[in-house]
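Open the model in your viewer and keep the selection tool at hand. We will go stop by stop.

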Amino acid sequence: MSMPVVSLKGITKSYGTIQVLRDVSLDVEAGEVVAVIGRSGSGKSTMLRCINGLESIQGGTITVAGHVVTQTAKQLRELRREVGMVFQSFNLFPHLTVEQNISLAPRIAKKMAAEQARGIACRVLEQVGLSEKIDAYPQQLSGGQQQRVAIARSLAMEPKVMLFDEVTSALDPELTGEVLKVMEQLAERGMTMVVVTHEMGFARHVADNVVFMHKGTVWEQGTAEVFFDSPRTPELQQFLRSSKVK
Amino acid sequence: MIHQFGIHDILYLLSGAGWTLILSAVTMIGGGMIGFCVALMRISSSHVLHGIAVVYIELIQSTPVLMVVFLVYFGPGIFGIELPKFPAAALALVVYSSAFFAEIWRGAIQSVPRPQWEASSALALTWLQQLRYVILPQAVRVSLPPTVGFMVQVVKNTSVTSIVGFVDVSRAGQLISNATFQPFRVYLWVAAIYFVICYPMSVISRRIERKFNVRR
């Protein structure tokens, strides 16, 4: 197999005396979709945020698309050009239109001409089905639409991997669907994705591999079918039971 | 030398008012520029820059503006340098106002939610680019009303420089009052001139505030 796009080896992280990540190792191959599930506080979001250096780590190494995650600002920026990130709270820039939100990073971080950046904005907006909202401001959009714009904003940087941090947790069930659909289409197009989620349906049907985080470490992982149909550890069995009830 | 308060005196007051305006403008521009840099130092991740900014702000905010004026005016005398009145007055007010501008803008910048920094850094923007394109445009809205409000304070605070003999509108009033023995009439004029300068600024400040409150 080729070199993984994302590779975590023995990651440890603590806030003071509280260890939030212990010896986390994970490989994500090109074109693979990995869903990360687990209880709140299991370290899944923290792990995701380590991948693009939003959180620092105390031990281990993270490699993304050939870049080693370090803390020098310049190297981090080079890495972040290759890594898209979508947040739970959308985090669109409220003072900019949809188009400006999307074209900002290509223009500023990649020094792209305005016209070319606009072209990219049109393309990625079409991809998330929001072409008609190009001149709208974020607050004029529904939560689901805002999140799709946030996905488009990440896509505009043409990332090699995309990180999704509980991107539907702030949305109504009906809006969740439209965002998941966009993510599913991305997966079909071969995007490499790491998806921290509570959506078991998405994990089961879209992800190639599923990771169960528990007590700050990768407790169990496997292909979607094996993972859901024959979980090995009692912790995962219990977690799957409790999340089915919901 | 006693004379009746007349048109000459009004003209003299107006020329003093001109100096008040010039001193105010210099203070706002100079204090604004230094204040902006100090605000950036205060939010920077460098402990040294942050520390310098905090000490600077605390020191000046805890000192009466009158003392800042005295220190700047009389301080250089120790080294045998005599600062002319206008540069001394301007320097003192620039230093004084910069600490307040810095705190106003630091607060405005920090009012922009943390995730805006995260989202823009995840998009590979540098710290300065984040500030320029994402954070400051949002901070400016928050900072406008208190900034204009403080500018009104700056105009009124220029009166303290009359104590070292700088002939602003207050000092002009004092001189005329001494010559005419009509202090009430003179200072009524002085107060009216301050009002004419400051009231429009207050109105503008309130308008800006309303405009941005509606938009939110």
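**Confidence first**

Colour chain B by pLDDT. This is a predicted model, and within chain B the mean confidence is highest in helix 2 (residues 47-61), at 96. It is lowest in helix 8 (residues 183-215) of chain B, at a mean of 87. Chain B as a whole has a mean pLDDT of 92, and 98% of its residues reach 70 or more. For the complex, the predictor gives an ipTM of 0.91 and a pTM of 0.87.

**Helix 2 of chain B**

Select residues 47-61 of chain B. Check the length: 15 residues at 1.5 Å a residue should span 21 Å, and the end C-alpha atoms are 21 Å apart, so the two agree.

Now show side chains. B:A53, B:I57 and B:I60 are buried in helix 2 of chain B. They sit on the same side of the helix, because they cover an arc of only 80 degrees around the axis.

Turn to the face away from the buried side. Here you find exposed B:H47, B:V48, B:V55 and B:L59.

**The sheet in chain A**

Move to chain A. Four strands form an open sheet in the order 2-1-4-5, with antiparallel pairing. Strand 2 (18-28) and strand 5 (67-68) of chain A are at the edges; each has a single partner strand, so one side of each lacks a neighbour in the sheet.

Next, select strand 1 (residues 6-15) of chain A. It runs antiparallel to strand 2 of chain A, and 7 bridges join the two. For one pair to zoom in on, pick A:S7: its bridge partner in strand 2 of chain A is A:D27.

Conventions: Residues numbered from 1 in each chain as written. Chains lettered and ligands numbered in written order. Heavy atoms only, no water. pLDDT = per-residue confidence, 0-100. Expected span 1.5 Å × (residues − 1). Buried < 20%, exposed > 50% of the residue type's maximum accessible area, 1.4 Å probe, protein only. Arc of directions from axis to C-beta. Pairing = 2+ DSSP bridges.
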